[in-house]
Amino acid sequence: MLLGIEAEARDPLLRVVGPDRAQQPIEEEAPEEFLAFVLESETYAVPIGAVREILKIADVTEIPRAQDNLIGLINVRGEMLPVYDLKQRLNLEDAPARVEGPNDVSRGSRVVLLKDPEGDAGILVDKVRGVVRLPLSKLEPAPSLGGDRRAVAGLGRQDGELFILLDVEQALA
């Protein structure tokens, strides 16, 4: 259940939407906005407040001996930011993508820059779908799945479509 601040540590969905939003009475509930994007054929979403900006893929500087899901660094107006490939972390691919620039990804691919207390970072997505508004009372906790799916905070549904909600901190960990 999405009630109580003490439940935040146990419930990753509360980390995504925040305990203050989860405690609002249902009759006064305003939908929460999420940025929806596609990884492989699945639709994921992150809270719109966690998004810094959306960029076309630029030249990527590879980092030797970096963790597998780190694609490299991109220059954003003089600031070097890491870009991650979440597909391997979410068990969507066996090996990370090798991306050196715009020619190595599809035309619709984007880097979604996310705000993170440990430093902003980007994630490579196949396509940005746009902003969706999901009522908090309709969000479901993440199912127990095998593998490393800690980055999945919960599920949202709208008009028969499933949105997999990501915990930004866990996704970038």
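The largest nonpolar core of this predicted model comprises 24 residues, and those with the most contacts inside it are F37, V46, L90, L114, I123 and L166. A nonpolar core is here a set of buried Ala, Val, Leu, Ile, Met, Phe, Trp, Tyr and Cys residues joined through side-chain atoms within 4.5 Å, where buried denotes a relative accessible area under 20%, exposed one over 50%, and partly exposed the range in between, with a 1.4 Å probe and protein chains only. Two or more residues are contributed to this core by each of β1, β2 (42–47), β6, β7, β10 (152–158), β11 (161–166) and α4 (168–172); these elements are DSSP runs numbered from the N terminus, helices being H or I runs of at least four residues and strands being E runs of at least two. A second, separate core of eleven residues includes L55, V60, V76 and L124. In soluble globular proteins, nonpolar side chains tend to be buried together.

The structure holds one aromatic pair, formed by F37 and Y44, whose ring centres lie 6.3 Å apart and whose planes stand at 20 degrees, so that the pair is stacked. Under the criterion applied, rings of Phe, Tyr and Trp (its six-membered ring) pair if their centres lie within 6.5 Å, and planes under 30 degrees apart count as stacked, those over 60 as edge-to-face and the rest as tilted.

An open sheet of five strands runs in the order β3-β6-β7-β5-β4, with mixed pairing, two strands being taken to pair if DSSP finds at least two bridges between them. Its edge strands are β3 (51–56) and β4 (70–76), each of which pairs on one side only. From one strand to the next the twist averages 30 degrees, a value that rests on axes fitted as lines to C-alpha atoms (for helices over the stretch in contact), with angles running from 0 to 180 degrees between N-to-C directions. The pairing of β3 with β6 (residues 110–114) is antiparallel and extends over five bridges, and V51 stands opposite L114 in β6.

Nine salt bridges are found in the structure, each being a side-chain nitrogen of Lys or Arg within 4 Å of a carboxyl oxygen of Asp or Glu.

The side chains of K87 and D126 meet in a salt bridge at 2.7 Å, N to O. K87 lies in helix α3 (residues 86–89) and D126 in the loop between β7 (121–125) and β8, so the pair ties together parts that are 39 residues apart in sequence. K87 is buried, with a relative accessible area of 11%, and its contacts, leaving aside neighbours within four places in sequence, are L39, E40, L92, E93 and D126.

P135 is found in the loop between β8 and β9 (140–141) and, at 25% relative accessibility, counts as partly exposed. P135 and R157 are 22 residues apart in sequence and 9.2 Å apart in space, C-alpha to C-alpha.

Residues are numbered from 1 along each chain as its sequence is written, and side-chain values use heavy atoms, with hydrogens and water left out. As the model is predicted, local features need pLDDT of at least 70 and side-chain atom pairs count only at pLDDT 80 or more, whereas totals for chains, interfaces and linings use all residues.

Key:
Contact means heavy atoms within 4.5 Å.
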